[in-house]
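The report below works through side-chain contacts, pockets and backbone features of the structure shown here.

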Amino acid sequence: MSVFRGAGVALATPMKDNGVINYEAFADLIEYQIKNHTDAIIVCGTSGEAPTLDDDEHIEAIRFCVEKTAGRIPVIAGTGSNNTAHAIMMSREAQRVGADGCLLVAPYYNKATQDGLIASFTAIAASVEIPCILYNVPSRTGTNILPETAAYLGKNVKNIVGIKEASGDISQVARLAELAGDYMDIYSGNDDQIVPIMSLGGVGVISVLSNVAPQFTHDLCRNCLDGDFAAARKMQLKALELVRQLFIEVNPIPVKAALNKMGFAAGKPRLPLTEMTAEHQKSLQAAMEEFGCI
């Protein structure tokens, strides 16, 4: 029941100067991704500034992305929340407007126990028929989805089919692959760990890098899926400096700056995130020029 294999872009949400979503620029970004062979679009996730979207615009952004993608590649909607009831509502809305799957971040701030994570994810998944991908990013949520917890959910909840692993702990990912590799797809949640995670059986990445280098990220994953890890390793190492610059400030500050440099009207992030500093703009520019993005 895989939703996708390969490179899924964690798409930025472009904003106008007045802070509202720029749907013309949004359509341009979607077409750019599809033209450059991105394997899936993840809309309204962390990179899409979901925490500062109100419910109506969050749902409309998902609907718009589904409409513009028009079935050419899967659309996975970020619908997670630290309020399980809210996540259920958003997941149902994502299904209603045509999303192919949901991305469910671990509840943030609450610091749920592992039993609480199991109960919450089970309830959300049971509320929809589309597949669900868990999202483990302890640096942002304060909660770690342990491998044992993910394995339990993959084995016992039929439409929990994958996990985006952004713990940064490769030993944890190896344990996850050992316990859950037969039950759920594992996606790298860190662009500097695509090859290591895919070498352990991961099937792709949910990527910030893919915003600015979609064909490259697709090809890197394709090499891994084809078993050509020598070629994939060279690509992974080539991208490291650009990846560092894309995370030199908190995501999505740098990626929106990068998209603006590429001519896309990504705009500014919403407060409390701010525009990238002038010093970091220069280092990002240099990395993009060296990589060949601009």
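E60 and R63 both belong to helix 2, where they stand three residues apart, about one turn of the helix; helices here are DSSP runs of H or I with at least four residues, strands are runs of E with at least two, and both are numbered from the N terminus. The model is a predicted one, in which local features need pLDDT of at least 70 and side-chain atom pairs count only at pLDDT 80 or more, while totals for chains, interfaces and linings use all residues. Residues are numbered from 1 along each chain as its sequence is written, and side-chain values use heavy atoms, with hydrogens and water left out.

**Salt bridges**

A salt bridge is taken as a side-chain nitrogen of Lys or Arg within 4 Å of a carboxyl oxygen of Asp or Glu, and a search of the whole structure finds ten of them. E60, R63 and E67 are linked in a network of salt bridges, and R63 and E67 are separated by about one helical turn because they are four residues apart in helix 2.

| Salt bridge | Closest N to O |
|---|---|
| E60 and R63 | 2.7 Å |
| E148 and R175 | 3.4 Å |

The salt bridge of E148 with R175 links distant parts of the chain, with E148 in helix 6 (residues 147-156) and R175 in helix 7 (residues 170-180), 27 residues apart. For accessibility, buried means under 20% relative accessible area, exposed means over 50%, and partly exposed is in between, with a 1.4 Å probe and protein chains only. On this scale E60 is partly exposed at 29%, as is R63 at 27%, and E67 is partly exposed at 44%.

**Aromatic rings and charges over them**

Rings of Phe, Tyr and Trp (its six-membered ring) are paired if their centres lie within 6.5 Å, and planes under 30 degrees apart count as stacked, over 60 as edge-to-face and the rest as tilted. By this rule the count comes to six aromatic pairs. Y32 and F264 form a tilted pair, 5.0 Å centre to centre and with 55° between the planes. This pair links distant parts of the chain, since Y32 is in helix 1 (residues 23-35) and F264 is in the loop between helix 11 (253-261) and helix 12 (278-291), 232 residues apart. F264 is buried, with a relative accessible area of 16%. Elsewhere, Y23, F26 and F64 form one aromatic cluster.

A charge is said to sit over a ring if NZ of Lys or CZ of Arg is within 6 Å of the ring centre and within 35 degrees of the ring normal. K164 lies over the face of Y135 at 4.1 Å from the ring centre, and K238 lies over the face of F291 at 5.2 Å from the ring centre.

**Pockets**

A pocket is an open set of points on a 1 Å grid over the protein atoms alone, where a 1.4 Å probe fits and protein lies on both sides within 12 Å along at least five of seven lines; lining residues have an atom within 4 Å of a point. The largest pocket has a volume of about 630 Å³, a volume being the space filled by probe spheres set on the points. Of the 28 residues that line the largest pocket, T46, A50, P51, T52 and Y108 are the closest to its centre. Helix 2 (55-69), strand 4 (101-105) and helix 5 (138-141) each supply at least two residues of this lining.

The second largest pocket has a volume of about 290 Å³ and is lined by 20 residues, of which Y135, V137, R140, G189 and F247 lie nearest its centre.

**Backbone features**

Most residues other than glycine have a negative phi, and most peptide bonds are trans. A cis peptide bond joins N251 and P252, with omega about 10°, and P252 is in the loop between helix 10 (229-246) and helix 11. The peptide bond from L271 to P272 is also cis, with omega near 15°, and P272 lies in the loop between helix 11 and helix 12.

E49, which is not a glycine, has a positive phi near 60° and lies in the loop between strand 2 (40-43) and helix 2; E49 is buried, with a relative accessible area of 3%. A70 also has a positive phi, of about 55°, in the loop between helix 2 and strand 3 (75-78), and counts as exposed at 56% relative accessibility.
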